[in-house]
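User: I have a model open and would like to go through it with you. Could you take my questions one at a time?

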Amino acid sequence: MKKIILLLLLPIFIFVGCSNSKQPTGNKENTTTASVPENPKTESTSEGNKDNEKPPIKKEDSNKKEASNKNEDLNNTEKEKIKEEKVKKQTIVIDPGHSNKSSNSKEPISPDSKEMKLKDTSGSVGVKTKTPEYETTVSVGLKLKDKLEALGYNVILTKDSVSDQMSNIERTDIGNNSNADLLIRLHCDAVDTPKAYGASMLVPEIRGYVNSDISKKSSKYGKKIIDTYTEKTGIYNRGLVTRSDLTGFNWSKVPVVLLELGFISNPKEDLFISDPKNHNEIAESIANGIDKCFN
Ligand SMILES: [Zn+2]
């Protein structure tokens, strides 16, 4: 009986034994081969899930990046536009006259002449305030730069300090090299008598680099500027004066004007022009005059 039971159970042991021994290897080996058709599914799902997990973040990130890039692009376009508008505006070179260092060096008065003139002088001094001319011209020049920039002009100062010494040719070079639409020189008048008064606008005659076109434009601009300046400040308008003896004119290849703000040899005008409290008003009226030239 025991033999019969053992015989009956033997095939089961054999079967179980075989399946047990085969399963681990078979399964292990089949994982790679047999799972080939299945794995793509599972792998695709699992990786798909991974894809679904990671890419959304990536996509969000890239969307955000794209959006921010677009914003940046927009901002850049807007910035470019503003830049262009500013670039489109004219270039004005402001030249505050004189400096606190006098020099004995000389330079030719004109490209067509051997006559020599002093490169730079310290200018006049206010009869009443004792304020040197160079202090007023630099102070007004700096304010004029701000006013013009606020109006959108491209502005270059030949110098921004009273101690910067420059020759008149060097000053015109800045206007020439920047292809300025206008070079405006700022000065204060002075004579031996306290009686003279009023503002003058000096403009170039045809000489040296100044051709007919430059001369005409300079006169046209000069008139608008002095008319506005005197109207707004109440200073008497002495009008235009054409000159061919100024180095700072003859070497200019661009329209150039020289505004004499008034006579600092006149006590009343000295008190007004040399007072820094009035420089804002003075600069504003000149800026408005310049703006009329190009609008
Ligand atoms: Zn001067």
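User: Before we start, what should I keep in mind about the numbers?

Analyst: This is a predicted model, in which local features need pLDDT of at least 70 and side-chain atom pairs count only at pLDDT 80 or more, while totals for chains, interfaces and linings use all residues. Residues are numbered from 1 along each chain as its sequence is written, and side-chain values use heavy atoms, with hydrogens and water left out.

User: OK, which protein donors does the zinc ion have?

Analyst: They are H98 through NE2, E133 through OE and H187 through ND1, at 2.1 to 2.2 Å from the zinc ion. Donors here are N, O and S atoms within 2.8 Å of the metal (3.2 Å for Na, K and Ca), and because water is not among the atoms, sites may look incomplete.

User: And how are the donor residues spaced in sequence?

Analyst: The spacing is H-x34-E-x53-H. H98 sits in the loop between β1 (91-96) and β2 (106-108) while E133 belongs to helix α3 (residues 133-150), so this pair ties together parts that are 35 residues apart in sequence. Helices (H or I, at least four residues) and strands (E, at least two) are DSSP runs, numbered from the N terminus.

User: Is H98 buried or exposed? And E133?

Analyst: H98 is buried, with a relative accessible area of 10%, and E133 is also buried, at 2%; buried means under 20% relative accessible area, exposed over 50%, and partly exposed in between, with a 1.4 Å probe and protein chains only. H98 also has a positive phi of about 70° although it is not a glycine. Most residues other than glycine have a negative phi.

User: What is phi like at K130?

Analyst: K130 has a positive phi as well, near 65°, and its place is in the loop between β3 (116-118) and α3. K130 is exposed, with a relative accessible area of 57%.

User: Switching to D270: what surrounds it?

Analyst: D270 lies in helix α7 and touches G126, V127, K128, T129, K130, F263, I264 and D275, not counting residues up to four places away in sequence; contact means heavy atoms within 4.5 Å. D270 is buried yet has no salt bridge, and K130, the nearest side chain of opposite charge, is 7.3 Å away. A salt bridge is a side-chain nitrogen of Lys or Arg within 4 Å of a carboxyl oxygen of Asp or Glu, and in assigning charge, Lys and Arg count as positive and Asp and Glu as negative, with His and the chain ends not counted.

User: So which backbone nitrogens lie by its side chain?

Analyst: A polar atom of the D270 side chain is 2.7 Å from the backbone nitrogen of K128, and the backbone nitrogen of V127 lies 3.4 Å from a polar atom of that side chain.

User: How long is α5?

Analyst: Helix α5 (residues 212-233) has 22 residues, which should span 32 Å at 1.5 Å a residue, and its end C-alpha atoms are 31 Å apart, which agrees. The expected span is 1.5 Å times one less than the number of residues.

Technical notes
A polar contact is a pair of N or O atoms within 3.5 Å; within protein, one must be able to donate a hydrogen and the other to accept it, and residues adjacent in sequence count only if both atoms are side-chain atoms.
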